[in-house]
Amino acid sequence: MSPAPLKVGETFEGPSKTLTDAHFLLFSGLTGDIHPIHYDVEYAKQTRFGKPLAHGLLMVGMTALGASNARERIEGFVFVEQGCNFLKPAVVGDTIHPRFTVEKIWQDGERHYCRFKTAVINQRGETLLEGFHLYRVLRHDAPKEKS
């Protein structure tokens, strides 16, 4: 039995994470982004934020649809575009969770698309990031029986 098709307005959640220094360090090591705003407490104290901030791309990475409870329903989805706005920073100790809302489903000729509204929300209910993901949806026909 195949999963039900997505519907505009449906919402999905990703796993929550409480950010630690280890997340920032791992992301710095993976990407090479070693700007001191992400790890140097003394440097960060001199900024308007007063403490180290999560990398913006770490926050974007938290919007991986495949990590959400939509994962069983996105067979054939190919990620083609994304965009976002950073509204508030995330810091060590924040618990963040991503949310995905099906915003639009359409067809352009033979091609099918699905657009999700994305958001990352902290433990205080503040939206830290809002954006979108666009997926091309490939149709998977059931395998034909051999005669």
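Analyst: Let's start with L19, which touches F24, A54, A90, V91, V92, G93, D94 and I96, leaving aside residues up to four places away in sequence. Touching, or contact, means that heavy atoms lie within 4.5 Å. Before we go on, two notes on how to read this. This is a predicted model, in which local features need pLDDT of at least 70 and side-chain atom pairs count only at pLDDT 80 or more, while totals for chains, interfaces and linings use all residues. Residues are numbered from 1 along each chain as its sequence is written, and side-chain values use heavy atoms, with hydrogens and water left out.

V91 sits in the loop between β3 and β4 (95-108). Along the chain, V91 and L19 are 72 residues apart, yet their C-alpha atoms are separated by 7.0 Å. Besides L19, V91 touches F24, K51, P52 and L53, again not counting residues up to four places away in sequence. V91 counts as buried because its relative accessibility is 14%; buried means under 20% relative accessible area, exposed over 50%, and partly exposed in between, using a 1.4 Å probe and protein chains only.

Now for the wider setting. L19 is among the residues with the most contacts inside the largest nonpolar core, together with A54, M59, A90 and I96; this core has 13 residues. Such a core is a set of buried Ala, Val, Leu, Ile, Met, Phe, Trp, Tyr and Cys residues joined through side-chain atoms within 4.5 Å. Two or more of its residues come from each of α1 (21-31), α3 (56-61) and β6 (127-137), and α3 gives the most, with 3 residues. Helices (H or I, at least four residues) and strands (E, at least two) are DSSP runs, numbered from the N terminus. Apart from this core lies another, of 12 residues, including L6, L65, Y135 and V137.

Just after the helix α1, G32 takes a positive phi of about 85°.
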